[in-house]
Amino acid sequence: MIPHALYIHIPFCKTICTYCAFNTYADRDHLIDHYVLALARELQIIADSRPGLPIKTVFFGGGTPSLLSAKHYETLLQTIQTNFILLQPAEVSLEANPNDVSKDYLEALRAVGINRISLGMQSAHERELRLFDRRHTMETTVQAVEALRAVGFENYSLDLIFGIPGQSLDDWLDTLNAAIALRPKHFSLYGLELKGGTKLKDQVAHGEVRMLGEELYADMYEAADTLMKQALFEQYEISNWAQKGYEAQHNLQYWRNLPYLGVGAGAHGYVEDMRTIVVRSPEKYIERLNGAPRRWNFPRTPATSKATPVSREEAISETIMMGLRLVREGIDRATFYERFGLDLVELKHSALNRLAQLGMITLDKDAVRLTPRGRFVSNAILAELI
């Protein structure tokens with residue numbers, strides 16, 4: 001049986017946006033214990049519906065997972081270990097904001113089994129952090145990293161954003177150098193995307209701030225790659241760099257288009273050619289799981305709001321789209337053939353040869369990969385192939 005990834009969504013946040021279902025302390029304090037019990041219930045239902053399911057990674061993400069206590073995570077991890085086959089060594093990750101972690105909290109997280117932290121540093125500049133309504137400063141990030149190292153967390157990642165309105169290339173280089181000095185094992189560097197319900201999107205829409213031009217955006221991406229290489233980080237995905245052996249195993253599951261279970265209010269999953277979406281409201285989520293029967297039609301649960309079959313053609317397109325993001329391994333031709341009974345190069349012969357002639361991709365007997373030049377126009381390449 002193919003090992004699965006497990007994504008557990010925590011939809012609580014301290015900032016106001018449309019992506020976190022509950023933003024206030026009152027909402028959080030009232031519901032969080034009930035929510036954790038509902039998560040444990042959904043995990044048990046999935047396990048009862050498919051006994052002996054192997055899990056290779058667990059990722060706690062969403063709004064602000066670091067709002068949950070270590071005791072909550074102990075409950076969830078014990079539920080996983082009891083009901084699934086948790087393959088060892090399992091990567092167990094938690095997203096955290098720098099201002100939500102302390103030495104005591106991190107020590108407790110490590111004791112219950114969390115072994116990787118993804119820290120949302122975002123920027124080294126206060127002005128840029130204010131644009132995102134972030135509550136932390138660069139000093140807070142430094143303190144969080146010192147706490148991580150003090151309690152023995154070796155595997156931690158920093159998330160950074162570039163292409164911020166008003167950001168210069170020098171500003172971005174300052175952020176990169178400050179982040180590299182914190183000695184993480186992994187970096188996720190994301191170009192800014194405006195999402196609905198955020199203050200920044202409204203400011204751009206009303207002309208209060210302006211987005212950066214494409215040329216500067218590209219210069220920032222290229223500068224990041226150069227600095228990462230100098231600091232001995234290898235790019236393994238379009239937006240991710242890691243030291244050898246510290247690639248994010250959970251995200252590799254997504255990019256290889258392999259199965260992952262989405263648990264919790266608002267979570268998405270992809271299992272057995274089925275896309276699943278869990279009901280978004282934590283209150284409705286808790287209500288649906290309260291006293292629900294333990295046997296359901298896998299991968300659905302009582303909290304599933306939508307389950308959509310994925311056709312073979314869609315699975316092929318998604319495998320190409322996700323696989324090309326893996327700049328080092330690309331799309332493995334043997335694995336693609338084993339999965340679909342088709343040779344990728346024969347299937348997309350005309351488009352692939354033209355892109356290879358343009359220097360956008362490389363083709364060999366093992367894989368199809370983007371070239372460094374192709375990474376800058378990956379969306380246009382994908383449009384040709386899918």
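Helices here are DSSP runs of H or I with at least four residues, strands are E runs of at least two, and both are numbered from the N terminus. With that in hand, take Q122, which lies in strand 4, residues 116-122. Q122 is not a glycine, yet its phi is positive, about 70°. Most residues other than glycine have a negative phi, and most peptide bonds are trans.

A word on the model. It is predicted: local features need pLDDT of at least 70, side-chain atom pairs count only at pLDDT 80 or more, and totals for chains, interfaces and linings use all residues. Residues are numbered from 1 along each chain as its sequence is written, and side-chain values use heavy atoms, with hydrogens and water left out.

Now the cis bonds. One runs from Q88 to P89, with omega near 0°. P89 sits in strand 3, residues 85-96. Another joins F298 and P299, with omega about 5°. P299 is in the loop between helix 10 (282-289) and strand 12 (304-309).

Next, a helix pair. Helix 2 (residues 70-83) and helix 3 (residues 103-112) have axes that come within 9 Å and cross at roughly 10°. Axes are lines fitted to C-alpha atoms, for helices over the stretch in contact, and angles run from 0 to 180 degrees between N-to-C directions. Helix 2 and helix 3 are therefore roughly parallel to each other (angles under 35 degrees count as roughly parallel). Which residues meet? From helix 2, A70, Y73, E74 and L77; from helix 3, Y105, A108, L109 and V112. Contact means heavy atoms within 4.5 Å. By class, this contact of helix 2 with helix 3 has seven nonpolar, no polar and one charged residues.

On to aromatics. The structure holds 13 aromatic pairs (rings of Phe, Tyr and Trp, its six-membered ring, with centres within 6.5 Å; planes under 30 degrees apart are stacked, over 60 edge-to-face, the rest tilted). The rings of F162 and Y221 have centres 6.4 Å apart and planes at 50°, so this pair is tilted. The pair links distant parts of the chain: F162 is in strand 5 (residues 156-162) and Y221 in helix 8 (residues 214-230), 59 residues apart.

Last, the second largest pocket. A pocket is an open set of points on a 1 Å grid over the protein atoms alone, where a 1.4 Å probe fits, with protein on both sides within 12 Å along at least five of seven lines; lining residues have an atom within 4 Å of a point. Lining this pocket are 30 residues, with I2, R256, N257, L258 and R339 nearest its centre. Helix 12 gives the largest share of the lining, five residues.

Notes: Angles under 35 degrees count as roughly parallel, over 145 as roughly antiparallel, 65 to 115 as roughly perpendicular and the rest as oblique. Ala, Val, Leu, Ile, Met, Phe, Trp, Tyr, Cys and Pro count as nonpolar, Asp, Glu, Lys and Arg as charged, and the others, Gly among them, as polar.
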